[in-house]
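Good morning, colleagues. Please take a moment with the sequence and the model before I discuss two positions and then the overall fold.

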Amino acid sequence: MSGDNHVNLPPGFRFYPTEEELVVHFLQRKAALLPCHPDVIPDLDLYPYDPWELDGKALAEGKQWYYYSRRTQNRITENGYWKTIGIEEPVLTNANKRVGIKKYSVFYVGEEPTQWIMEEYRLSSSDSASSSRSSKRRGQTKLDRSKWVICKVYERNSDDEDDGSTELSCLDEVFLSLDDLDEISLPN
């Protein structure tokens, strides 16, 4: 990690959590106002920062940045905006229990998409409701914990893009050739 973001971890330790670990071990604890040891993921208000400004502010592991943020409709930064793409995907435990939801966003500068991707993890509505009920029993004031998310931001390599030179397997070629059945004349 670089910049002002200091973590008391021994040299050699790396932060590579699974999606389940991000939701269960970090986000659920944050939403329930429980301590997380070590407390390595910082709170950031995402939207004032362009993705290339996260270094030194968010938890950096390799070329990925992690941070807690509040969900908001304002997804605009000084130089661009985050646009949600695709559908939301469930985050499942090993026992196939749904614990969270993941959605993807792409950073745009003007009308042009960039290579910056954000994966935003939030709790399932049932999880945030149960943590809200348990905090009421403990006498805590009601906070809207469903607004917390963990964001993972990274820059996709231009090598990852499909430049039209993708090699197909033999089965893919056979499957794709089935589209041309109209042009094939079969004997009677």
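I begin with Trp116, which is buried at a relative accessible area of 9%; buried means under 20% relative accessible area, exposed over 50%, and partly exposed in between, with a 1.4 Å probe and protein chains only. This is a predicted model, in which local features need pLDDT of at least 70 and side-chain atom pairs count only at pLDDT 80 or more, while totals for chains, interfaces and linings use all residues. Residues are numbered from 1 along each chain as its sequence is written, and side-chain values use heavy atoms, with hydrogens and water left out.

Trp116 lies in strand β5; strands (E, at least two residues) and helices (H or I, at least four) are DSSP runs numbered from the N terminus. Which residues does Trp116 touch, not counting those up to four places away in sequence? Among them are Trp52, Trp65, Trp82, Phe107 and Val153, where contact means heavy atoms within 4.5 Å. The C-alpha atoms of Trp116 and Val153 are 7.1 Å apart, although 37 residues separate the two along the chain.

Strand β5, residues 112-123, also holds Glu120. Glu120 counts as buried because its relative accessibility is 3%. Beyond four places in sequence, its contacts include Arg71, Arg75, Lys102 and Lys103.

Turning to the whole protein, there are three helices and six strands, in the order α-β-β-β-β-β-α-β-α from the N terminus. Of its 188 residues, 37% count as buried. Among contacts between residues at least 6 apart in sequence, 68% join residues at least 24 apart.
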